[in-house]
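Welcome! Please have a look at the structure below, and then we can walk through it together.

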Amino acid sequence: MATPMTRPVMRVAPSILSADFGGLAEAVHLITPGADWLHVDVMDGHFVPNLTIGPPVVASLREHTGLFFDTHLMITDPARYLEAFRDAGADGCTVHVEVGRTGELLAQMRDLGLRVGLAANPDTPFEAVEPFLDQVDLILCMTVFPGFGGQSFIAEVMPKVRQVRRAAETAGLSLDVEVDGGIDEHTVVEAAMSGANVFVAGSAVFGRPHPLVAAKGILRAAEDAVNDPPTRP
Ligand code: DX5
Ligand code: ZN
């Protein structure tokens, strides 16, 4: 009988994209007790049509929390900036497979001592990330098209989440499978049941009156979904 693999630990990663940028340090302090990771969205106005933050802001936030910085690089030329993000205090970086030169980028991240993540947009197939599964710590399946917070969860990405989790289990890899976009206490259920274990949430955390309670609620909903799955008709 096959031994079921133990699923990697469930984590919630609040995204500061939806926090008040005028008070980022306070937002991070507020969320730290209920967050496993802090998701930092970096946008270059080229890979995505929006601009956000760079290494100086990461360095400033590093002074305020010991949380793992899960740095999501939605940028066309990550090779140019990886070292700066590492020096600023990023713990893990995730690059998009769509920007190309993936093997080189993953090796560069590994050499820099970063935890290595690879992201795929909603319309990028599993086959694009499949060759790299044994070179990464995390696969990020985008559940919205990157660029903005507050968009609706794209449930059609779930078959890809299942493919990644199944392939990782088959290969004996304890990969983190992260979902990002439109995650709240409801959509997280389907994502967790599909095999995701890291849940990024921006507006469903910082857009709520009690961000700490909201973050804890998302994690609890994910854990409940896996431990006590809802019955389907
Ligand atoms: C979108 C970003 C997300 C964003 C998620 O491009 O990568 O991390 O902050 O925001 P919500 O949770 O509001 O969809
Ligand atoms: Zn993100």
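## A loop glycine and a ligand shell

Gly-23 sits in the loop that links β1 (11-14) to α1 (24-31). This is a predicted model, so please read each value here as computed from it. Is Gly-23 buried or exposed? Gly-23 counts as buried because its relative accessibility is 11%, and the cut-off for buried is under 20%. Between Gly-23 and Thr-124 there are 35 Å in space, C-alpha to C-alpha, and the two are 101 residues apart in sequence.

Now to the ligand. The space that ligand 1 takes up is the largest pocket. There are 20 residues around ligand 1, and those that come nearest are Asp-41, Gly-147, Asp-180, Gly-202 and Ser-203.

| Residue | Atom in the residue | Distance to an oxygen atom of ligand 1 |
|---|---|---|
| Asp-41 | polar side-chain atom | 2.7 Å |
| Gly-147 | backbone N or O atom | 2.7 Å |
| Ser-203 | polar side-chain atom | 2.5 Å |

On its own, ligand 1 has 380 Å² of accessible area, and the protein covers 100% of that.

With 3 residues, β2 supplies the largest share of the shell. Sorted by class, the shell around ligand 1 holds 10 polar, 8 nonpolar and 2 charged residues.

Technical notes. Residues are numbered from 1 along each chain as its sequence is written. Chains are lettered from A and ligands numbered from 1 in the order in which they are written. This is a predicted model: local features need pLDDT of at least 70, side-chain atom pairs count only at pLDDT 80 or more; totals for chains, interfaces and linings use all residues. Side-chain values use heavy atoms; hydrogens and water are left out. A residue is near a molecule or strand if one of its heavy atoms lies within 4 Å of it. A polar contact is a pair of N or O atoms within 3.5 Å; within protein, one must be able to donate a hydrogen and the other to accept it, and residues adjacent in sequence count only if both atoms are side-chain atoms. Accessible areas come from the Shrake-Rupley method with a 1.4 Å probe; for residues, only the protein chains shown count as cover. On a 1 Å grid over the protein atoms alone, a cavity is a set of points where a 1.4 Å probe fits but cannot get out, and a pocket is an open set with protein on both sides within 12 Å along at least five of seven lines; lining residues have an atom within 4 Å of a point. A molecule sits in a cavity or pocket if more than half of its atoms lie within 2 Å of its grid points. Helices (H or I, at least four residues) and strands (E, at least two) are DSSP runs, numbered from the N terminus. Ala, Val, Leu, Ile, Met, Phe, Trp, Tyr, Cys and Pro count as nonpolar, Asp, Glu, Lys and Arg as charged, and the others, Gly among them, as polar. Buried means under 20% relative accessible area, exposed over 50%, partly exposed in between (1.4 Å probe, protein chains only).
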